[in-house]
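Thank you all for making time for this. I would like to walk through one structure with you, and I will ask you to keep it open on your own screens while I talk.

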Amino acid sequence: MLRSKVYPFLNAAITSRFGCGTTFFRKTTPLDKLSVHQCCALSTHSRTLQNEQPKCGFNTSTTPNQLKELKTEAPQHAPTFSAPSINQFTTRSHNCGELRISHVGQEVTLCGWLEFSRMNKFFTLRDGYGTVQCIIPEDACQKFNLDQLAFESILRVTGTVQPRPDGQANRTLQTGEIEIHVSRLEVLNEAKKRLPIHVKDHNRAKENLRLEHRYIDLRNRELQQNLRVRSQVIMKMRECMINDYGFVEVETPTLFRRTPGGAQEFVVPSRKPGHFYSLVQSPQQFKQMLMVGAIDRYFQIARCYRDESTRPDRQPEFTQLDIELSFTDREKVIELIEQVLKKSWPYSDNPIRGPFPRMTLAEAMERFGSDKPDTRFGYELQNFTKLLGTQLTMPAGVRQQDFRAYGIVIPAELAQKLASGLKKSLEEIAKKSNFCKFTQSQITADWSTGPIARLLGKEPAEALCDQLSLRSGDLLLLGWGKRTFVQNMMGRIRLAAYEALEARNLVPARQSHAHNFLWVVDFPMFSENEETGQIESTHHPFTAPHPEDAAALNADFGDNIYNIRSLAYDLVWNGVEIGGGSIRIHNSQLQRLVLQDVLKIEHTHLHHLLDALESGAPPHGGFAIGLDRYVALLCNAASIREVIAFPKSLDGKDPLSKAPVPISDEEKRIYHIRVVE
């Protein structure tokens with residue numbers, strides 16, 4: 001039952017201190033002008049009241065669009081979410097973040113959480129849109145004791161907007177030029193005295209505790225901003241797909257059947273003994289069948305599930321913008337995605353422009369040691385295979401044709417300022433890399449005759465020194481071994497070395513919103529599994545071969561199978577893969593050949609898709625943008641958990657509800673489940 005207390009301070013609106021009528025004077029410091037330390041000294045519940053700009057810097061206003069939804073624009077000035085529609089159908093007249101000097105003299109009603117109070121006179125009210133300072137008149141203070149009211153209690157406040165006294169405006173707060181002179185206050189719901197976590201910007205509780213009490217943590221300004229950015233970006237994407245390009249939004253099933261060969265799937269029991277559903281990894285098969293069904297321009301904001309270990313950029317359940325269209329090719333899909341990103345980009349003062357540059361996978365691995373290269377900085381890998389290949393000891397299990405050697409040079413003026421712990425960090429990276437060896441060597445005057453000569457030989461060391469114009473004090477990071485393995489190792493070492501330089505302000509810091517978008521193309525259609533040595537799809541078995549290599553894909557493929565390129569393409573932003581797609585196989589005979597002869601996958605479970613391809617399937621292709629990862633980058637969030645309302649923890653569990661949890665014996669009986677320890 002809702003508890004409500006009404007405190008009518010004054011029936012008439014409080015008159016302005018600058019006009020005629022009653023005037024009261026403040027002899028104390030305004031609440032939001034106190035320092036952080038002063039606020040903390042007053043109460044352990046206090047939070048920093050200076051309204052610093054949120055990380056993402058996303059500014060929005062609202063106007064109607066063709067879908068009769070809210071259309072987001074991104075003004076270049078201070079962020080605000082205020083609009084008449086935000087307060088419509090509520091008991092408030094305004095939200096706590098929208099009042100400005102232009103509202104002076106207006107009587108307003110606000111609803112929100114009691115953020116902080118002082119001297120039973122000043123208090124701040126907070127909602128999802130901002131914070132505003134309120135003042136209780138001197139002659140009304142005795143009517144209500146704010147000091148006894150727990151922070152985070154829900155209030156409804158009615159009062160008059162007034163300018164702050166000269167010199168007391170808070171320029172860091174959106175509402176910092178005004179304050180509310182309270183005439184009526186209602187306690188809609190009183191919070192308990194000791195909350196498990198506090199809503200504050202600094203020194204926040206540990207993540208697991210915040211996830212356990214996410215309903216409180218969500219009040220944090222940064223999370224509020226992130227979720228609103230996410231909503232606005234998705235809305236713009238949806239508007240673009242429907243209004244601009246005529247796509248049809250189709251919801252596809254979540255409960256499906258097991259699809260062997262991909263990521264581990266979540267199994268869902270049914271009441272039929274021994275029969276199970278699986279949660280879909282993606283709508284891949286459904287969207288291909290939609291193409292067969294003449295839904296030639298499909299999209300959805302799709303929920304996907306994979307039973308994999310959780311990481312900062314991965315969750316067991318995730319969301320993607322899923323797209324598929326018929327009668328297309330790689331170039332047209334790439335152009336579409338660039339247009340969608342440009343039209344949904346939230347920063348009007350820093351727009352992105354296309355077309356994005358492209359790089360083959362082979363070039364990305366050769367230059368950056370990664371299939372998702374961060375091109376915001378240099379320190380590219382240098383190939384020393386021809387120079388050193390006959391001198392270096394070949395790691396066990398590496399064939400001569402697969403052998404590669406790469407190096408990175410850090411200049412002396414930077415190397416001498418690096419932390420001593422970097423050497424150990426780089427060695428740890430090397431230890432985790434199979435079929436590779438690694439060394440780091442400081443250049444000295446007699447370097448070519450020193451310890452490096454035992455590794456490389458005197459003449460190759462001198463040749464390397466001349467080729468790179470090495471100087472005394474330079475640091476050489478050298479790795480060698482099996483091509484793909486040593487490329488990946490050196491790619492990780494490149495990142496670790498630059499992060500170490502960046503941490504000491506020795507190199508330019510990478511900008512989170514740098515426009516380093518990059519298409520990576522020409523992936524191999526098939527790869528060798530590192531553990532089993534078996535052939536597997538680099539992306540998925542429905543990816544079409546590159547037209548120039550298609551003839552080589554036949555029943556007698558031999559060792560040439562790994563040289564066949566596919567029509568897959570990934571989109572990378574600042575070293576993070578934010579999406580991927582491909583042109584699909586639309587010929588049933590070719591699809592059967594890939595499944596049966598190349599991958600040797602039992603494909604009876606795909607009869608529905610194969611039958612569909614035989615029913616007149618148009619050429620088609622698509623793409624999926626990982627929305628959690630993309631929005632996290634937009635918001636400059638440390639983890640995708642910071643842009644998801646109710647995420648799972650690092651161990652894949654839900655701290656809020658404690659799921660997964662045991663089920664009762666009766667439920668086990670209904671679903672024919674027996675637990676095996």
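I will begin with the chain as a whole, then take a sheet, a helix and a hairpin, and end with some backbone details.

Please keep in mind throughout that this is a predicted model. The protein chain holds 18 helices and 25 strands, and of its 677 residues, 51% are buried. If we take the contacts between residues at least 6 apart in sequence, 69% of them join residues at least 24 apart. The accessible surface comes to about 32600 Å², and carbon and sulfur atoms account for 50% of that.

Let me turn to the sheet. It is an open one, built from four strands in the order β16-β17-β19-β18, with antiparallel pairing. The edges are held by β16, residues 382-383, and β18, residues 436-442, and because each has a single partner strand, one side of each is left without a neighbour in the sheet. Helix α11, residues 421-431, packs on this sheet and touches β18 and β19, and its direction makes about 165 degrees with that of β18.

Next comes helix α13, residues 458-468, and here I would ask which of its residues are buried. They are Pro460, Ala461, Leu464 and Leu468. These residues cover an arc of only 100 degrees around the axis, and therefore they lie on the same side of α13. On the face turned away from that buried side we find Glu459 and Asp466, which are exposed. Directly after the helix comes Ser469, with a positive phi near 55 degrees.

Now to strand β23, residues 568-573, where six of the six residues are buried, so the strand is largely enclosed by the rest of the structure. Ala568, Asp570 and Val572 point one way, while Tyr569, Leu571 and Trp573 point the other way, and the buried state holds for both sets. On the one hand, β23 is joined to β20, residues 517-521, by five bridges in the antiparallel sense, with Val521 as the bridge partner of Tyr569. On the other hand, six bridges join β23 to β24, residues 576-583, and these strands also run antiparallel, with Leu571 opposite Gly579. The strands β23 and β24 form a hairpin with two residues between them, and in the turn Asn574 has a positive phi of about 50 degrees.

The peptide bond joining Gly354 and Pro355 is cis, with omega about -5 degrees, and Pro355 sits in the loop between α7 (330-344) and β15 (358-360). The bond from Ala659 to Pro660 is cis as well, with omega near 0 degrees. Lys658 has a positive phi near 70 degrees, lies in the loop between α17 and α18, and is partly exposed, with a relative accessible area of 47%. Phe327, in the loop between β14 (317-326) and α7, has a positive phi near 55 degrees and, at 64% relative accessibility, counts as exposed.

Notes
Residues numbered from 1 in each chain as written. Predicted model: local features only at pLDDT ≥ 70, side-chain atom pairs only at ≥ 80, totals over all residues. Heavy atoms only, no water. Pairing = 2+ DSSP bridges. Contact = heavy atoms within 4.5 Å. Axes fitted to C-alpha atoms, helices over the stretch in contact; angles between N-to-C directions. Buried < 20%, exposed > 50% of the residue type's maximum accessible area, 1.4 Å probe, protein only. Arc of directions from axis to C-beta. Areas by Shrake-Rupley, 256 points an atom, 1.4 Å probe, with all protein chains shown as cover.
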